[in-house]
Amino acid sequence: MITEPSSERSGTRGWSRAVSITRSTVLDVAAVLGSLCIVLVVLAVVFHITLIMFKTGSMAPDIPTGSLAIVRQIPAEDARIGQVVTVDRPGLLPVTHRIVGTHAGPAGTTVLTLKGDANPTADPAPYAVRSVRLVLVAMPGLAYVIVWLSNPVVLGVLTIAVSSLIVWVLWPRGDTTTGGRHVRARGAG
């Protein structure tokens, strides 16, 4: 009967243990990230929170081009001078500027005068709105990351990588009760 040297067996067991710990860690991290995503989606729906990307520098230097902002929808009547808000414009892209004037408007609307921090004057016309999206926090440069991640090639590579990782983690592992060793049954005798 040929037996493996004990150092070879312990090396194999060490490698198997490392792989097992790595698989467990990957599963734990994936479970935490998945749970966090679910919680964030629920909170976003409940509290009317969305993301916006800044494509211009009209709010620089506080919010430069390429920033990603977290915004929350609020009634326009609750908006105050000095706050940065996003206003939807029919047929046009939304505008995100600082409130420099506000007053009650017709038919339950609020009229807001907005100005970009980098602009010399206020927007040409005020906005009569019922709701706005209040900028809670802006993160410079993060919009570029989101745009890069939305590239179809990058999405495809990420999908293949994550799928491969999941297959590797969940792939059946043989008999772990014997540490990967074959055990011969002993006969009566």
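Biologist: Which residue in E7 does Pro 75 stand opposite?
Modeller: Pro 75 stands opposite Ser 131 in E7. Keep in mind that this is a predicted model. Pro 75 belongs to strand E2, residues 68–75, and Ser 131 to strand E7, residues 131–139; the two strands pair in the antiparallel sense over 8 bridges.

Biologist: How many bridges link E1 and E2?
Modeller: There are 5, again in the antiparallel sense. One of the pairs joins Leu 51 to Ile 70 in E2.

Biologist: What is the order of the strands in the sheet?
Modeller: Read it as E1-E2-E7-E3-E4-E5-E6: an open sheet of 7 strands with antiparallel pairing. Strand E1 (49–53) and strand E6 (127–129) stand at the edges; each has a single partner strand, so one side of each has no neighbour in the sheet. From one strand to the next, the twist averages 50°.

Biologist: And where do side chains point in a regular strand?
Modeller: As a general idea, they alternate between the two faces of the sheet.

Biologist: Let's turn to the rings. How many aromatic pairs does a search of the whole structure find?
Modeller: The search finds 0. For a pair, the ring centres would have to lie within 6.5 Å.

Biologist: Then what lies over the face of Trp 168?
Modeller: That's Arg 23, at 5.1 Å from the ring centre. A charge counts as sitting over a ring when, for Arg, CZ is within 6 Å of the ring centre and within 35 degrees of the ring normal.

Technical notes:
Residues are numbered from 1 along each chain as its sequence is written. This is a predicted model: local features need pLDDT of at least 70, side-chain atom pairs count only at pLDDT 80 or more; totals for chains, interfaces and linings use all residues. Side-chain values use heavy atoms; hydrogens and water are left out. Two strands pair if DSSP finds at least two bridges between them. Helices (H or I, at least four residues) and strands (E, at least two) are DSSP runs, numbered from the N terminus. Axes are lines fitted to C-alpha atoms, for helices over the stretch in contact, and angles run from 0 to 180 degrees between N-to-C directions. Rings of Phe, Tyr and Trp (its six-membered ring) pair if their centres lie within 6.5 Å; planes under 30 degrees apart count as stacked, over 60 as edge-to-face and the rest as tilted.
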